[in-house]
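This briefing covers aromatic contacts and backbone geometry. The sequence and structure follow.

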Amino acid sequence: MAKMWAGRTAGETDRIADDFNSSIHFDSRMYREDITGSMAHAAMLGAKGIITQEEAQTLIVGLEGILADLDAGKLAFDMTCEDIHMFVEQVLTERLGDVGKKLHTARSRNDQVALDLRMYLRETASGIRAQLIELLGVIADKAEEHKATIMPGYTHLQRAQPITFGQHLMAYAMMLLRDVDRLDDTVKRMNVSPIGCCALAGTTYDTDRWFEAKQLGFADISRNSLDGVSDRDFCVEFMSFCSILMMHLSRLSEEIILWSSWEFKFIELSDAYTTGSSIMPQKKNSDMAELIRGKTGRVYGDLMALLTTLKGLPLAYNKDMQEDKESVFDAADTVVQCLQVLTPMLATMTVLADNMKLAAQKGFINATDLADYLVKKGMPFRSAYKIAGQLVAKCIAEGKVLESLTLEEYRACSNLIDEDVFAQIDLATCVAKRNSEGGTSPASVEAQIEYVRGFL
């Protein structure tokens with residue numbers, strides 16, 4: 001097949017080199033953006049008199065036909081074409097003749113691919129944002145359901161203080177809110193049109209770059225043609241967002257894995273999101289959560305691959321930049337897939353509230369509240385701390401928890417202790433007292449939920 005760039009050379013390349021150079025097997029997914037961008041370009045050429053209005057309309061109708069045929073499966077991609085741009089132009093020329101050859105006037109594949117990629121990622125970002133909103137809604141609903149469910153809070157993976165499961169979930173909601181904000185900020189810088197920058201230096205034709213930008217929903221145009229064709233910051237920024245999001249999803253997945261283990265047994269995942277063992281019939285594995293955790297490294301790798309590709313490139317366009325698409329597509333696909341699994345997995349999980357509370361009691365995480373009780377009775381903190389520690393040691397030795405000790409056992413350590421101690425060390429009381437903004441009390445958690453729902 002003759003190359004579109006044949007002329008300077010005979011256009012003959014080795015078959016293996018041809019395949020190595022080709023990108024259509026992965027950039028064909030941008031066919032809709034490529035055709036839509038071309039329709040706007042044809043309209044601009046006609047509006048500026050660079051081609052006739054009749055020719056522009058012929059091109060637009062021809063492009064609409066190609067788009068419809070691809071959507072309907074009536075037209076297959078020709079994998080011998082170098083890329084999606086060449087494929088569309090080739091089909092258009094086959095259908096329209098010489099008029100089809102006029103479409104590429106006043107543009108280059110350099111600004112064309114930059115345009116396609118920005119449009120594609122803009123649409124992808126919109127879909128991911130919608131998924132995040134759905135996930136936030138599920139988390140808010142679960143947190144509402146469990147705003148008073150007591151569990152141990154951890155530091156160093158050691159039981160530390162009593163918290164509510166609702167507050168724990170809302171911590172992830174706050175992370176995801178930042179992710180949405182980060183994505184919105186990324187799209188703002190992504191939504192800049194490079195079309196009209198041409199190969200690198202602009203064009204001698206009297207084009208209207210703003211016309212095309214507005215047709216395609218862009219808020220601005222790139223202000224330097226060298227930068228317009230060589231900028232991939234928007235890809236790096238999008239993949240950075242993907243990496244931070246995946247880090248958050250991975251942390252949540254790690255906790256789901258721990259919570260669903262026999263050692264914790266805080267939750268039980270639906271059978272729809274677990275697997276079994278080929279040899280151990282008792283097993284119920286949290287494979288989906290493990291895969292989300294594992295795929296996080298893959299997205300990190302995509303980001304580092306593109307950063308490394310770009311770090312030594314001189315201006316303007318270089319073929320190395322073809323490597324942007326597989327990395328950014330993989331990162332986006334992975335995020336979409338993980339969100340598709342995580343959201344219903346959280347929505348359908350069963351919370352084992354009794355096990356959570358028992359773990360909190362056995363962790364003696366109300367010992368600080370016991371010490372505070374004694375301090376309020378007039379005892380110096382260090383003395384109160386020591387007595388609380390002695391009572392914990394007694395419980396451990398006798399297989400008890402602080403709530404199960406009798407008043408006589410308490411008073412044996414200090415006559416300052418009265419019947420009211422039981423109310424003060426009750427875990428529900430311990431949680432309810434922590435009602436500062438952002439705290440773990442049910443009222444504080446409710447305020448956090450309302451904050452998130454207000455955003456939604």
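A charge is taken to sit over a ring if NZ of Lys or CZ of Arg is within 6 Å of the ring centre and within 35 degrees of the ring normal. The model is predicted: local features need pLDDT of at least 70, side-chain atom pairs count only at pLDDT 80 or more, and totals for chains, interfaces and linings use all residues. Residues are numbered from 1 along each chain as its sequence is written, and side-chain values use heavy atoms, with hydrogens and water left out.

**Charges over rings**
- R122 is placed over the face of F218, 4.5 Å from the ring centre.
- R29 lies over the face of F329, at 4.4 Å from the ring centre.

**Aromatic pairs**
- Rings of Phe, Tyr and Trp (its six-membered ring) pair if their centres lie within 6.5 Å; planes under 30 degrees apart count as stacked, over 60 as edge-to-face and the rest as tilted.
- The count by this rule is nine aromatic pairs.
- Y154 and F264 form a tilted pair, because their ring centres are 6.1 Å apart and their planes stand at 50°.
- Ring pairs also join Y31, F77 and F87 into a cluster.

**Backbone geometry**
- The peptide bond between L315 and A316 is cis, with omega about 5°.
- A106 has a positive phi near 65° and is a residue other than glycine.
- A106 is buried (under 20% relative accessible area; exposed is over 50%, partly exposed in between; 1.4 Å probe, protein chains only), because its relative accessibility is 8%.
- C198, also not a glycine, has a positive phi of about 60°, and C198 is buried at a relative accessible area of 7%.
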